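Take a look at the structure, then read on.

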Amino acid sequence: MLFRNSHRQEIDFFFFFFFFFSLPGARGNFPPQISPCSPSSSHLLVSSAAGRVRLSAAMALRSVRLSVYVAFLFALAASNKFTSANAGVGSAGIPSLLPPYDFLYYSGVRAYFGEEWTKAAELLEKSIATKESLITVRKKCYDECAAAGRPALEKLDSEKGSLWDLWALDWVQQKAECLKFCVGRSVSHVGQLPVSSDIEYEFGSRNPYNFLQVTYFKLQKLQKAASAAHTYFIANPSHLEMRNNIEKYRRMDGVTEEAFQDRELESEKHWALYDSAVQDEASSNWARAADRWKVCVNETLRLTDECRVQCEVASQRLPEDRGVDSVSGVFEKAAALSLSLLACRQYCVTQVATRPGRISSQEDFLLAQLEHLHIAQFKAGDISGAVQTLRALLLFYPSDKDSLDNLQLYSETLGGDTESQGIQPSQEISQYVKRSLQEKKLLYFGMENLDFTFYDPDLWTPEDVVPASLRETWRAEKEKMSEKMSEEEKQEDVDDSGFYAGGPVPRVGVTITMTDELLNGTNRVVLDGVMTEKECDRILQLAKSAASAGDGYRGRRSPHTPHETLEGLSVLRAAKLAQDGLVNQSDARLLHELGERARTLLHSYFRSPSGLFVAFTHLVCRSAIAGDQEGRIDLSHPVHVDNCLLEPETKQCWKEPPAFIHRDLSAVLYLNDNFSGGELFFTNRDAKTVTATVRPSCGRLVGFSSGPVNPHGVTAVTGGRRCALALWFTKEKLYGDREREEAESMWAADGQSVVKTEDEEKGAVARNARSQAPQDRSSKGRGRVTGARDEL
């Protein structure tokens, strides 16, 4: 009686799959003309109840619980309105019994390549909706069948010997039978079969939206095409062709900003909450940050539970299909399947902790949220909440010194240990830890005795959970992981941008003021004398006359801090204003020329082996709001990296939207110094450790590579008006500044010549060659990124 009394919960794990999969059934047949991607694509399907073979002793038990079970089935049948609501998924095109979504997908792809655009759109949309509905049906059935076999379950603690085993088996069988009956009311026979790993990959990488983007474009449904493109790009941020398509959609008539919404956002709410909470912390809005961290934690737990449900309810493969040839006995197979279930549940941690478009998950994701939460609660004045959260964190790492020190601080603030002792961690977190540890013990038992393979996804797993015979290997793997993380931290200062500081400065009067050594970093430089005082005055006057509030931020006057206003001006708008006679033509031309001047200097100094092109130029002025500066602790511009999303907690920088990953080199050309604050500063990847500070002055140019070796921010402007020219450069002409080129075309049309560099001339030739591409391929052709505003 290995599992008796103290391990009732684990009975479900080890017997559910035994009865669910050891029953006679038939191999599923794929629909006509559809071939499975691998031999494992069709698997054993549980047969109807009429075909089951049961143990004679279990048959004897049926009369005892027949009336209860029949009543339960009638209760399920009475809830039929759930079936119709979910099976239809809100669309009349989906039948009451859900078909296999992989068949719909294959059919949609076949229609796509046959250029049957309307049919392709319908089938691809149905495949997505059907998959979502299948997940919903499984979850609903799991909830409905949770109480199945309750009478048998209640007998377990009082029975002994083989009779106890039979009650346990009967309980698990009833639950399996309930699930099969419930799912069968909503899902077709073939729709219940497991899909191939290829299909799982297709939907995991959002490839259906890739097909939908082109399909809707062909149907001239641009809003839907833009939505599909955006949804696909979120999970494939390095897909340059889709990036270009999105930029094209943004410039098309009839496409609004509302189109660029992630259609898969429902399953990723926790990431949106995570990012919002981090932003609240950056602006020191601790009360709102605490609220968002709470919701983020709850959403993470909810998504983890939903993932775990799918592990149990979704169809599984038999041990022989998994390549476990050595597993021959009935109970060995049951154990192998049960361990696979437990492993699937454990791996839900990594699934929930992996952002769309990333390969690896964020380590200790839930713990990181709890860390943020208790700090935000403390700073917001919710000391009791901070103590509760910190006690939850200590369930994972009981001896963590920082957490214990913080607990002592919180206890003293609250009024002593007596009051704080009554505050315990939330029941949800306590249950999460207890359940996870129970599963890990069983999995490590399987590793030790049943040759099962399991890779623990958690760093917090305590050593005493691991059997003594496995601890040496476990410690070695943990040390290897720690060494890898340490190596990644050491490689933090490695710059793979291809730039090498130290080249000549090809302009008379320009001096090198600060280099990598003085700036404590890699590929950083400060050049003085790039502009004269007269030129600074001219651009300052241009900014005063033509800069508009919130330019580049949809008119938001204070996009980064409520204590400052921001005004901006692009080269194209300056050219248009000059053409209308509203500003001086020579000043607009000077704004354009300064970008080329900075490009020439930095291209030479950083010894770029390839061409360097201006990606965007933005004249920006930020002004302190009078009477609103006392006690400021925020920044004029929070710490960030220009071509990737900095994650200070993990010191990772992710190249994905909304970061401008095409930027290779960044620069800021200052125009004045008659203001307070507003200093540029560099940090380590923790976004806290300041490595260098630069004070602005007229004609001072700061240049640096745009990647993760150069996180930077701007201190608060507490008085006056700070103006600067923000510039970004790229090695790819494809991402050249369209607005800059349009301004040049305007001047050329007016008979004003614009001197082009050799690199720009080569880019023009390449652009002309691309313009000869067939028009009917425009939906997938390479476009160029428009000038996206941002500033340094």
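## Helix H14 against helix H19

In this predicted model, helix H14 meets helix H19 through a set of side-by-side residues. H14 supplies Leu339, Leu342, Ala343, Arg345, Gln346 and Val349. From H19 come Tyr432, Ser436, Glu439, Lys440, Leu442, Leu443 and Gly446. Sorted by class, the contact of H14 with H19 holds seven nonpolar, three polar and three charged residues.

Now for the geometry. Two packed helices are described by the angle between their axes and the distance between the axes. H14 and H19 (residues 427–449) pack at an angle of about 135°, and their axes are 10 Å apart. An angle over 145° would count as roughly antiparallel, so H14 is oblique to H19. The crossing of H14 past H19 is left-handed.

## Helix H16 against helix H19

H19 has another partner, helix H16 (residues 383–396). The axes of H16 and H19 come within 10 Å and cross at roughly 0°. Angles under 35° count as roughly parallel, so H16 is roughly parallel to H19.

Which residues make this contact? On the H16 side they are Ala392, Leu395 and Phe396. On the H19 side they are Ile429, Ser430, Tyr432 and Val433. The contact of H16 with H19 divides into six nonpolar residues, one polar and no charged.

## Helix H15 against helix H17

Helix H15 covers residues 365–379, and helix H17 covers residues 401–414. They pack at an angle of about 25°, with their axes 12 Å apart. That angle makes H15 roughly parallel to H17. H15 passes H17 in a crossing that is left-handed.

His374, Ile375 and Phe378 are the H15 residues in this contact. They meet Asn406, Leu409, Tyr410 and Thr413 of H17. By class, the contact of H15 with H17 has four nonpolar residues, three polar and no charged.

## A disulfide between helices

How many disulfides does a search of the whole structure find? The search finds seven. One of them joins Cys307 to Cys348, with an S to S distance of 2.0 Å. Cys307 sits in helix H13 (residues 286–313) and Cys348 in helix H14 (residues 330–352), so this pair ties together parts that are 41 residues apart in sequence.

Is the disulfide of Cys307 and Cys348 left-handed or right-handed? The torsion about its S-S bond is about -80°, so the disulfide is left-handed.

Strands of a sheet pair through backbone hydrogen bonds, either parallel or antiparallel. Here, an open sheet of four strands runs in the order E8-E16-E13-E14, and the pairing is antiparallel. Strand E8 (637–640) and strand E14 (690–694) are the edge strands, and each pairs on one side only. From one strand to the next, the twist averages 20°.

Look at one pair in the sheet. Strand E13 (residues 680–683) and strand E16 (residues 712–714) pair in the antiparallel sense over three bridges. Which residue in E16 is the bridge partner of Phe682? The partner is His712.

Methods
Residues numbered from 1 in each chain as written. Predicted model: local features only at pLDDT ≥ 70, side-chain atom pairs only at ≥ 80, totals over all residues. Heavy atoms only, no water. Pairing = 2+ DSSP bridges. Helix = DSSP H or I, 4+ residues; strand = E, 2+ residues; numbered from the N terminus. Axes fitted to C-alpha atoms, helices over the stretch in contact; angles between N-to-C directions. Parallel < 35°, antiparallel > 145°, perpendicular 65-115°, else oblique. Left-handed = near helix turned anticlockwise from the far one by under 90°. Contact = heavy atoms within 4.5 Å. Nonpolar A, V, L, I, M, F, W, Y, C, P; charged D, E, K, R; others polar. Disulfide = S-S within 2.5 Å.
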